[in-house]
Amino acid sequence: MRSSIPALLVILAAAVTGNAGTIHGKVTGAKGQSVVYIEAIPGKTFPAPTQHVVMDQKGLMFMPHIVVVQKGGIVDFKNEDSVEHNVFWSSINGNRGMGHNMGTWPHGQSRSFTFTNAGVVPLLCNVHPDMAGYIVVAPTPYYAITDKSGVYKIDNVPNGTYKLTAWNEGGKIHTHTVSVTVSGDASADIPMGR
Ligand SMILES: [Cu+2]
């Protein structure tokens, strides 16, 4: 019975701290919003989200500029402008084999796409060369988009040690990965470097 006391202490500790926590911190060395996500939770897979995510085209811009969708999720591309817009991407995470053209459509219509591969999808419109937006397909449900100063928070992360990646559209190196250990709450700043 000697082993039962440490086991009981572990159970009590888990009951006090919970077995999930919040990761919060700041992406530094980057301009504007970044996307932060956990790469994987060992031994866990995640069902595709049922709720659609919307990427609008409004005022000759992709709105919002950056949208995050969990892997397997559906993005509805809308057109709120009076002119026709197109949506295409020439790669996902640099893989040109995953390029796709959604076509061109008028005001009020929308087209949907299911993103089954994680990675960054740089969006363009072949009607308006100045338009640019991004979809970041997150590999897990544990992601956040930062505010403009880089601050983020990811809730309800199971306790454990994970790779935490930040992506930002600017700079030469677009992603940076750190290790984070969640045991209750955790803090992780992610320096993007130059
Ligand atoms: Cu356009």
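I began with the pairing of strand E2 (residues 35–38) and strand E14 (residues 160–167), which is antiparallel over 4 bridges. Strands here are DSSP runs of E of at least two residues, numbered from the N terminus, and two strands pair if DSSP finds at least two bridges between them. I looked up Ile38 and found Leu164 as its bridge partner in E14.

I noted the basis of the model: it is predicted, local features need pLDDT of at least 70, side-chain atom pairs count only at pLDDT 80 or more, and totals for chains, interfaces and linings use all residues. Residues are numbered from 1 along each chain as its sequence is written, and side-chain values use heavy atoms, with hydrogens and water left out.

**Entry: the sheet around E2**

I traced an open sheet of 4 strands in the order E12-E2-E14-E15, with antiparallel pairing. Strand E12 (143–145) and strand E15 (175–182) are at its edges; each has a single partner strand, so one side of each lacks a neighbour in the sheet. The twist averages 20 degrees from one strand to the next; axes are lines fitted to C-alpha atoms, and angles run from 0 to 180 degrees between N-to-C directions.

**Entry: the other sheet**

I then followed an open sheet of 4 strands with mixed pairing, in the order E4-E3-E6-E9. E4 and strand E9 (110–114) are the edge strands, each pairing on one side only. The twist here averages 25 degrees from one strand to the next.

The parallel part I checked is E3 with strand E6 (residues 74–78), over 3 bridges. Val53 has Val75 as its bridge partner in E6, and Met55 stands opposite Phe77 in E6. E6 and E9 run antiparallel and are joined by 5 bridges; I found Asp76 opposite Ser112 in E9.

**Entry: backbone exceptions**

Most residues other than glycine have a negative phi, and most peptide bonds are trans. I listed two places that depart from this.

- Leu60 is not a glycine, yet its phi is positive, about 60 degrees. I placed Leu60 in the loop between strand E3 (53–58) and E4.
- Met63 and Pro64 are joined by a cis peptide bond, with omega about -5 degrees. I placed Pro64 in the loop between strand E4 (61–63) and strand E5 (66–70).

**Entry: the two domains**

I took the domain bounds from an automatic or database domain assignment. The protein chain is divided into domain 1 (18–45 + 142–194) and domain 2 (47–139). Their centres, taken over C-alpha atoms, are 23 Å apart.

What touches across the boundary? I found 10 residues of domain 1 in contact with 10 residues of domain 2, contact meaning heavy atoms within 4.5 Å. The domains bury about 930 Å² between them, with 76% of it on carbon and sulfur atoms; buried area is the accessible area (1.4 Å probe) that two parts lose on being put together, summed over both. On the domain 1 side, Tyr143, Trp167 and Glu169 lose the most area to domain 2, together 54% of what that side buries.

I counted 0 salt bridges between domain 1 and domain 2, taking a salt bridge as a side-chain nitrogen of Lys or Arg within 4 Å of a carboxyl oxygen of Asp or Glu.

Which elements give two or more residues to the side of domain 1 that touches domain 2? They are E2 and E12. E2 gives the most, with 3 residues.
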